[in-house]
Amino acid sequence: MGKSNYITREGWQALDQELKYLWKTERPQVTQAVSDAAALGDRSENAEYIYGKKRLREIDRRVRFLSKRLDVLQIVDPDPRQEGKVFFGAWVKVENEKAEEYIFRLVGPDEFDPAKKWISIDSPVARALLGKRVDDEVTVMTPNGLAVYWVLAISYQPPEI
């Protein structure tokens, strides 16, 4: 299964801001630093020049990726008809068999963040949650074996924690 092309509006804006920052701010600064380092003479042992050239390649690679990726991404905004069911962009509160509660947000693969508990729509847990309602039972095959969750709450607004 390939990567989904879905993204939340805030995720798209974050990638767009990163692209603009790299292209309009960081790249010109690094280019100037490389130019200044090159003016010092011998480039073969000039760490600032070598690092600067390496950083320029990294920036250019990321700019190319972001430019192409932003062209194919599809922004998905919550629809009022989705209320009560789990779809893309939802915050879902679940409970496992040990009565441990978790809150996940289903987002695109370009914006998932384990620290924020944002999981990719392509993940097994997210796939299993799609279309579920409050009180539904969800069974998921995880790397640690079979996991069972119960859906406690669904929201399309950030939860108040």
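## The hairpin and its sheet

Two strands pair if DSSP finds at least two bridges between them; strands (E, at least two residues) and helices (H or I, at least four) are DSSP runs, numbered from the N terminus. With that in hand, β3 and β4 can be read as a hairpin with four residues between them. In the turn, Ala99 has a positive phi of about 65°. This is a predicted model, in which local features need pLDDT of at least 70 and side-chain atom pairs count only at pLDDT 80 or more, while totals for chains, interfaces and linings use all residues. Residues are numbered from 1 along each chain as its sequence is written, and side-chain values use heavy atoms, with hydrogens and water left out.

Strand β3 covers residues 91-96 and β4 residues 101-107, and five bridges pair them in the antiparallel sense.

Now to the helices. Helix α1 spans residues 9-38 and helix α2 residues 47-72; their axes come within 9 Å and cross at roughly 155°. These axes are lines fitted to C-alpha atoms, for helices over the stretch in contact, and angles run from 0 to 180 degrees between N-to-C directions. The two helices are therefore roughly antiparallel to each other (over 145 degrees; under 35 would be roughly parallel, 65 to 115 roughly perpendicular and the rest oblique).

The crossing of α1 and α2 is left-handed, meaning that the near helix is turned anticlockwise from the far one by less than a right angle. Residues of the α1 contact with α2 divide into 15 nonpolar, three polar and nine charged. Asp, Glu, Lys and Arg count as charged, Ala, Val, Leu, Ile, Met, Phe, Trp, Tyr, Cys and Pro as nonpolar, and the others, Gly among them, as polar.

## Salt bridges across and along the helices

The structure holds 11 salt bridges, each a side-chain nitrogen of Lys or Arg within 4 Å of a carboxyl oxygen of Asp or Glu. One of them joins Glu26 to Arg55, with the closest N and O atoms 2.8 Å apart. Glu26 lies in helix α1 and Arg55 in helix α2, so this pair ties together parts that are 29 residues apart in sequence. Glu26 is buried at a relative accessible area of 16% (buried is under 20%, exposed over 50%, partly exposed in between, with a 1.4 Å probe and protein chains only).

The side chains of Arg27 and Asp60 also meet, at 2.6 Å from N to O. With Arg27 in α1 and Asp60 in α2, the pair ties together parts 33 residues apart in sequence. Arg27 counts as partly exposed, at 23% relative accessibility.

Being four residues apart in helix α2, they are separated by about one helical turn. Both partners are partly exposed: Lys54 at 44% relative accessibility and Glu58 at 27%. Through shared partners, salt bridges join Glu26, Lys54, Arg55 and Glu58 into one network.
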